[in-house]
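I opened my notebook to look at how the parts of this chain pack together. Here is what I looked up.

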Amino acid sequence: MSDRDRGDDASLVSRCVAGDISAFEELYHQHSGRLYSLTLRMLGNAADAEDLLQEVFLTAYRKLASFKGASSLGTWLYRLAVNACLDHLRSRSARNDLRTDSLDRAEAPRIGARDPAMVPTRFDLERAIRQLPPASRSCFVLHDVEGFEHHEIASMLGIAVGTSKSQVHKARMKIRAKLVGASAPTTDRAGRASQPGETP
């Protein structure tokens, strides 16, 4: 982060803390798009993502006075958003553990020639990401989708760099297994193949 960026952040935060509503609106417009994209990918649901985005900015408003400028304002807001997503996913996971358990039991992917009609779609990928366990999903989204380095993710989530790498690796393997499973033909008792989505 440049000195100019650091100065801009500090000025914006000072104005917000002083009660300047237009400054907070400016902060919202600068960061809400990227944070919404993050919450949507991590939660996989537009309504939940919008609700959580509002919570993130309410939390930011309450905590802005504690912003010290050690990182950029964008990174600080990202941490708030990631933590809010993780809390939300943990509470949702506690209500519905079966979804993540089914991924842990997923079979190893089969390798072979692929029919173009069986290539996974973006919808399949988004669904596979949504079904990841919360810890794997957050590391995967932050690294492979948002482009953060492992040391940045470790700092955001309060985990070791090795843990971030491990979670991303696990996420990739589970997504690969899900995508291969989603596009692989199934067979009925007589051995007749059918395409994904068809009843054998």
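This is a predicted model: local features need pLDDT of at least 70, side-chain atom pairs count only at pLDDT 80 or more; totals for chains, interfaces and linings use all residues.

**Rings and core**

Residues are numbered from 1 along each chain as its sequence is written, and side-chain values use heavy atoms, leaving out hydrogens and water.

Y78 and F148 form a tilted aromatic pair, 4.9 Å centre to centre with 55° between the planes (ring centres of Phe, Tyr or Trp, its six-membered ring, lie within 6.5 Å; planes under 30 degrees apart are stacked, over 60 edge-to-face, the rest tilted). Y78 sits in helix α4 and F148 in the loop between α7 and α8, so the pair ties together parts 70 residues apart in sequence (helices are DSSP runs of H or I, at least four residues, numbered from the N terminus).

Next I looked up L142. Its contacts (heavy atoms within 4.5 Å) include Y78, F148, I153 and L157, not counting residues up to four places away in sequence.

Then I turned to α8, residues 150-157, where H150, I153, A154, M156 and L157 are buried. Seen down the α8 axis, they fall within an arc of 165° (taken from the directions from the axis to the C-beta atoms), so they line one face of the helix. After α8 comes G158, with a positive phi near 70°.

Note on methods:
Buried means under 20% relative accessible area, exposed over 50%, partly exposed in between (1.4 Å probe, protein chains only). Helices (H or I, at least four residues) and strands (E, at least two) are DSSP runs, numbered from the N terminus.
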